[in-house]
Amino acid sequence: MRKAVAAVMPAPDQPVELREYPLPELADGEALLRVDYSEVCGTDVHLHRGRLAGVPYPLIPGHVTAGTLAAVRGDLRDVYGVPLREGDVVTFLDVHRTCHQCWYCLVAKASTRCPSRKVYGITYGAADGLCGGWASHVHLLAGTRVIRLENATPRDFLLGGCSLPTGLHALDRAQVQIGESVLVLGIGPVGLSCIALARAAGAALVLAIGGPANRVAAASAMGADAVLDLTVMSADQRAEWVRERTGGRGADVVIEATGVPDAVVQAMRCARDAGRVVVVGQYTDHGEVAFNPHLDLNKKHLDVRGCWGSDYSHFHRAVQVAGHERLGAPWRSLPVREFRLADAGQALAAVANGEVVKALLRP
Ligand SMILES: [Zn+2]
Ligand SMILES: [Zn+2]
């Protein structure tokens, strides 16, 4: 019998190990994906440290993945109604079982807060089957939204990876107007994607603050007009650096993509009066932070918006961006390191200590 191989997190803080699994029997409406590329992202670092709630270890990580359909059972169609076939090069929305029946789905129209949603590689564990991308194969369960890559290769798409739909959602929340100024705090993959997307959205000025130093050049290559190394100035000096470049007012829009609670307050203080702040970096609970409600929020007439997860629309548009010659070019400039499945633990360490800008897994 043919087997699949997967890199597994047995439990938090345990070494990643290779395990074999039988290839699944496909039920009607299911498919088997042969993985071409998956990625190692900040979420995987949080998963390895046990910092996310509701994760069923042992886990096959890898929530954003692209590859080739190795088998299709029954009538599977994409969003255009076109049947999916063996040999199609695809990705899929990592969120499954969004119900389209609950209050959040139907009344709030906030499907990323649907209580039924399950995420491949995060809240589906190895006990659920081959449901993560750090593997030779992924079992695409019935109802999974599969998207043909069209003009993007699997590698092109994974250069953005999960940061691209996440960044698109953050830009939606930011509602950048043509000609505005945008400050991005944090230059990990999500911050880097937000820089390129802010530029594409028509920002006249894109500023970035972050580190480590090996990412500063990447932030410039993604389209930032000026990048400040986080470590060379105090928080007050950084806010002054922003005001000097924005007519003394602060940025029209600030996108926080750091994961550090203090950065949310910094974002509020770097925004102009009556500006917008989008918080997309606080994916895990790193505790509380203090701010002055009068000075930082009310008197500033500030609009502060959270941004959780992605939905199908963000994945769909991420495929269009990755496959577009001009729009997708910034991600193709990113320095990338590729790892084999057996070296997933090394890849995880390289992402955790910031020595790589982008780490791809190639089974
Ligand atoms: Zn729902
Ligand atoms: Zn991710």
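I began with helix α10, whose buried residues are covered by, among others, β5 (89-92), β9 (146-148), α3 (154-160), α4 (163-174) and α11 (329-332). Contact here means heavy atoms within 4.5 Å. Helices (H or I, at least four residues) and strands (E, at least two) are DSSP runs, numbered from the N terminus.

A note on the source: this is a predicted model, in which local features need pLDDT of at least 70, side-chain atom pairs count only at pLDDT 80 or more, and totals for chains, interfaces and linings use all residues. Residues are numbered from 1 along each chain as its sequence is written, chains are lettered from A and ligands numbered from 1 in the order in which they are written, and side-chain values use heavy atoms, with hydrogens and water left out.

**Helix α10**

I looked up how much of α10 (residues 312-322) is covered, and found 8 of its 11 residues buried. Buried means under 20% relative accessible area, exposed over 50%, and partly exposed in between (1.4 Å probe, protein chains only). The buried set is Tyr312, His314, Phe315, His316, Ala318, Val319, Val321 and Ala322.

**Zinc ion (ligand 1)**

Next I checked the protein donors, which are Cys99 (SG), Cys102 (SG), Cys105 (SG) and Cys114 (SG), at 2.3 to 2.4 Å from the ion. Donors are N, O and S atoms within 2.8 Å of the metal (3.2 Å for Na, K and Ca); water is not among the atoms, so sites may look incomplete. Along the chain the donors have the spacing C-x2-C-x2-C-x8-C. The angles among the 4 donor atoms run from 103 to 118 degrees, and the site is tetrahedral (for four donors, all angles between 85 and 135 degrees). Cys102 counts as buried because its relative accessibility is 17%; Cys105 does so at 10%.

**Zinc ion (ligand 2)**

Here I found Cys41 (SG), His63 (NE2) and Cys162 (SG) coordinating the ion at 1.9 to 2.2 Å. Their spacing is C-x21-H-x98-C. His63, in the loop between α1 (42-48) and β4 (65-72), and Cys162, in the loop between α3 and α4, link distant parts of the chain, 99 residues apart. I also looked up accessibility: His63 is buried at 8%, and Cys162 is buried at 10%.

**Second largest pocket**

Which residues lie nearest the centre of the second largest pocket? They are Leu93, Thr98, His100, Arg145 and Tyr312, out of 14 lining residues. Tyr312 is also one of the buried residues of α10.

Notes
Tetrahedral: all angles 85-135°; square planar, octahedral: opposite > 155°, others 65-115°. 1 Å grid on protein atoms, 1.4 Å probe; cavity = no way out; pocket = protein on both sides within 12 Å on 5 of 7 lines; lining within 4 Å.
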